[in-house]
Amino acid sequence: NAQANHALAKEMEPRLKAIPGAVDVHMHQVVNAPEIRFNVDRTKAGQLGLTQKDISDSLLVSLSSSTQTAPNYWINPRNSVDYPIAVQTPLYRIDSTGSLLNTSMRSSTGSMQLLANLGRLQRGTAASVVSHFDVQPVYNLYANVQDRDLGSLSKDVNRLVREFTPKLKKGSFFELRGQAKTMESSFIGLGIGLVFAVLLVYFVMVVNFQSWLDPFIILMALPGALMGIMLALFLTQTT
């Protein structure tokens with residue numbers, strides 16, 4: 001499903017770019033970053049007195065320093081500030097695959113070997129950015145809004161999502177997030193709040209007027225006021 005979802009996301013990307021007002025459209029995940037894989041020959045390594053853990057620990061210290069596996073600190077007696085001490089091969093000494101293969105590997109028993117004698121180096125690609133939403137792996141299509149209101153743009157995006165939903169593999173889903181989701185939930189809360197505010201005003205007026213009908217007649221001015229507001233927003237093209 002991952003490959004199918006990635007292909008679907010790449011198919012949606014140009015369609016999303018074509019929506020008026022959508023800018024900076026891009027997919028966040030990078031799935032084809034170059035990488036170098038070293039496959040250890042465990043039989044050969046065992047004959048030379050090294051294990052997979054010995055090789056991985058030595059390579060990790062050489063490339064990423066010892067701060068991850070054996071953190072050490074030196075406390076300056078003059079100012080009582082602690083400084084991390086890291087052991088690492090200088091980057092300028094690992095400027096090619098040949099120099100990388102010349103890295104010395106040390107076993108727990110003290111035996112030494114070069115990395116080149118313990119396996120084979122391969123080139124490949126891998127995902128450099130992996131994201132999750134509710135534990136599920138996702139592909140994120142990001143877009144900003146320019147020269148258009150968010151509500152109209154989100155409607156077009158939802159229309160595009162509905163168009164692509166039948167192409168989804170079983171178990172996959174679309175999720176619209178960001179400012180559009182926040183706006184939708186805010187407007188729903190605002191609408192519910194307005195309804196309760198009108199009811200509260202009505203019941204207060206019922207108590208004051210000692211009548212159920214008079215407050216209802218007074219509140220009949222609200223629809224006309226709302227229509228005037230909507231007309232004014234339409235004439236001024238205010239979103």
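Colleague: How many nonpolar, polar and charged residues does the lining of the largest pocket have, by class?

Modeller: In this predicted model, that lining has 28 nonpolar, 13 polar and three charged residues. The pocket itself has a volume of about 1100 Å³.

Colleague: What makes a residue part of the lining, and which residues lie nearest the centre of the largest pocket?

Modeller: A lining residue has an atom within 4 Å of a point of the pocket. The largest pocket is lined by 44 residues, and Tyr139, Asn140, Leu141, Glu175 and Arg177 lie nearest its centre. Among the elements giving two or more residues to this lining are helices H1, H5 and H6.

Colleague: Happy to hear about those helices! Why are H5 and H6 called roughly perpendicular to each other?

Modeller: Their axes come within 10 Å and cross at roughly 110 degrees. Angles of 65 to 115 degrees count as roughly perpendicular, so H5 and H6 are described that way. Their crossing is left-handed.

Colleague: Which residues make that contact?

Modeller: H5 brings Leu150, Gly151 and Ser154, while H6 brings Gln179, Ala180 and Met183. By class, three are nonpolar, three polar and none charged.

Colleague: And at what angle do H1 and H5 pack?

Modeller: H1 and H5 pack at about 145 degrees, with their axes 11 Å apart, and the crossing of H1 and H5 is right-handed. On the H1 side the contact has Leu8, Glu11, Met12, Arg15 and Leu16, and on the H5 side Val157, Leu160, Val161, Glu163 and Phe164.

Colleague: How do the residues of the contact of H1 with H5 divide by class?

Modeller: Seven are nonpolar, none polar and three charged.

Note on methods
Residues are numbered from 1 along each chain as its sequence is written. This is a predicted model: local features need pLDDT of at least 70, side-chain atom pairs count only at pLDDT 80 or more; totals for chains, interfaces and linings use all residues. Side-chain values use heavy atoms; hydrogens and water are left out. On a 1 Å grid over the protein atoms alone, a cavity is a set of points where a 1.4 Å probe fits but cannot get out, and a pocket is an open set with protein on both sides within 12 Å along at least five of seven lines; lining residues have an atom within 4 Å of a point. Grid points are joined across faces, edges and corners, and a volume is the space filled by probe spheres set on the points. Helices (H or I, at least four residues) and strands (E, at least two) are DSSP runs, numbered from the N terminus. Ala, Val, Leu, Ile, Met, Phe, Trp, Tyr, Cys and Pro count as nonpolar, Asp, Glu, Lys and Arg as charged, and the others, Gly among them, as polar. Axes are lines fitted to C-alpha atoms, for helices over the stretch in contact, and angles run from 0 to 180 degrees between N-to-C directions. Angles under 35 degrees count as roughly parallel, over 145 as roughly antiparallel, 65 to 115 as roughly perpendicular and the rest as oblique. A crossing is left-handed if the near helix is turned anticlockwise from the far one by less than a right angle, and right-handed if clockwise. Contact means heavy atoms within 4.5 Å.
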